[in-house]
Amino acid sequence: MGHWSDILLDEMDRQFGGTVDREVLADLLSRAGHEIDVLAGRTFNPVQQRRSIFEPNGLPFADVPDLLIGATAPMEGPWAIPDPVDPTHAAVLQLAAFQDVDLVPRAAREADALWEAGRRVAQVYREGRMSREFIRLQLGGMPAGAYTELLRRAMDPAVRLNIPIGATTFDGWLIQITRRLVRENAEDEGRMAELLDDSADSPIPLLAVEPVLIMAPITHQPVRWVFTARLWTEKVKVPKDRPWSRIASAIHGHGIPTITLDPVSTPEEIACQFVLKAYWHGYIAGDEPALANAVAAAYPQAVERIERGTHAPSRQSAAATLLEGLVRPGFNPAQGAEATRRYVRRKASIAVMQHRKRETPDRYPWTQVGISERRYYKLLPLFAQKVSGRYDYDHDEVVARMRSHLNQLDRERELRKAAMEVLVANGFGHEAARKWLQRHRAEEALTALPRRATGAPADPRAARPTA
């Protein structure tokens with residue numbers, strides 16, 4: 001939304017004809033825009049200049065809110081790393097040259113590194129290092145003077161103070177997780193945040209922004225490819241009735257990937273989320289073998305169900321079938337990690353059902369009458385009644401009655417077509433013939449004549465020359 005809100009406000013005002021208070025419309029647009037910002041992890045504001053001071057606390061990377069490439073003055077560092085999907089912007093800064101790690105000539109493939117990053121994130125989550133209690137423990141161990149100085153810096157809106165959560169390397173990749181400290185009422189960047197201490201006795205006047213993962217191959221100085229993701233450990237409060245399918249493409253096309261975590265998630269499920277989200281957001285291609293491997297490792301029961309239900313030749317083939325159903329983003333991250341599992345289970349059921357429809361078409365009533373499944377269920381209320389929320393009917397009887405109904409519709413359609421031809425031959429225009437058929441029976445078309453114009457003979461056939 002952002003700076004588009006004024007344009008949308010005028011457009012909605014015109015659509016409602018000025019009958020709705022503009023303040024009410026503006027409030028609705030503002031709330032809807034905030035929800036989209038939270039799901040995207042970005043605020044779509046106009047271009048502006050900002051002074052920022054980055055304190056990474058020993059880590060080489062820091063997230064930055066949509067920095068335009070070329071907006072900073074030329075310097076040896078820090079370096080704005082172009083986003084691989086949108087090279088005109090940067091979401092990550094490399095603040096310093098690598099000191100404790102050496103450059104490597106070659107790193108693991110992006111998909112393999114994403115899988116391993118997911119497993120490392122799962123470990124950090126199980127150890128409780130993403131919670132606010134972990135940050136409070138770190139702050140509580142600081143000397144009084146250092147803690148006071150940290151509070152002073154964090155309260156400055158220009159300072160972006162990051163607290164390290166975890167950092168590791170993997171086959172030529174550097175992976176780090178941080179949480180940024182901000183003061184209350186800080187400028188909203190579309191990120192989630194929680195109070196470090198909400199007790200009335202000794203409140204800490206700071207908030208901890210959602211954990212952020214940044215990973216990059218250390219093959220060049222500065223790095224040339226970077227992936228960043230938001231890590232959500234709680235459900236986000238958004239309206240339940242918001243249709244996710246209508247905004248999913250926009251969120252995945254312009255937003256920052258969001259990984260959802262809960263205590264039930266396995267390391268493989270979290271790692272699979274990394275690979276799938278990177279694919280949906282355009283960071284890796286769809287022909288990566290790691291995609292099917294990740295699905296097979298994360299959801300073995302769903303893959304086994306497809307293998308058994310479709311008689312797939314191998315587990316890899318069944319995983320590829322499941323992956324075909326996951327090519328489009330389908331689950332809302334605001335609903336938590338359980339939404340991911342439900343989405344995969346549903347896609348597995350659909351894959352088995354579609355296979356059965358192709359292999360044994362005669363077992364389904366819609367194929368017996370020669371129509372689509374969608375049309376069958378639209379016609380079904382004409383021939384059956386619901387009992388306790390389910391249709392109760394005799395299969396053969398309904399098929400016979402529906403076939404008779406469809407045949408009657410075909411006969412009426414052919415009769416109408418023939419009547420149109422007769423009316424046009426009698427002098428009707430096409431639109432006039434269509435309107436005539438709306439008011440008369442098709443059988444009357446043989447004797448129907450168009451209305452005569454003023455001064456014209458009553459029967460257009462009388463105007464024809466005779467021998």
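Is T310 buried or exposed? Select T310 and have a look: this is a predicted model, and in it T310 has a relative accessible area of 14%. The cut-off for buried is under 20%, so T310 counts as buried. The residue belongs to helix 9, which covers residues 300-310. Now show what surrounds T310: leaving aside residues up to four places away in sequence, T310 touches A351, V352 and H355.

Select L181, F227 and F274, the residues that touch the most other members of the largest nonpolar core, which has 69 residues. Then colour helix 3, residues 110-126: with 9 residues, this helix gives the most to that core.

Stay with F274 and bring up its contacts. Not counting residues up to four places away in sequence, F274 touches L114, A117, G118, V121, L213, F227, L231 and I259.

How many aromatic pairs does the count come to? The total is 6. Zoom in on Y376 and Y377: their ring centres are 5.2 Å apart and their planes sit at 85 degrees, so this pair is edge-to-face. Y376 is buried, at 1% relative accessible area, while Y377 is partly exposed, with a relative accessibility of 41%.

Last stop: a helix pair. Select helix 7 (residues 267-280) and helix 8 (residues 289-298), whose axes come within 9 Å and cross at roughly 150 degrees. That angle makes helix 7 roughly antiparallel to helix 8.

To see where the two helices meet, show side chains on both:

- On the helix 7 side, pick E268, E269, C272, V275, L276 and Y279.
- On the helix 8 side, pick A290, L291, A294, V295, A297 and A298.

Note on methods. Residues numbered from 1 in each chain as written. Predicted model: local features only at pLDDT ≥ 70, side-chain atom pairs only at ≥ 80, totals over all residues. Heavy atoms only, no water. Core = buried A, V, L, I, M, F, W, Y, C linked by side-chain atoms within 4.5 Å. Buried < 20%, exposed > 50% of the residue type's maximum accessible area, 1.4 Å probe, protein only. Helix = DSSP H or I, 4+ residues; strand = E, 2+ residues; numbered from the N terminus. Contact = heavy atoms within 4.5 Å. Phe/Tyr/Trp six-rings, centres within 6.5 Å; stacked < 30°, edge-to-face > 60°. Axes fitted to C-alpha atoms, helices over the stretch in contact; angles between N-to-C directions. Parallel < 35°, antiparallel > 145°, perpendicular 65-115°, else oblique.
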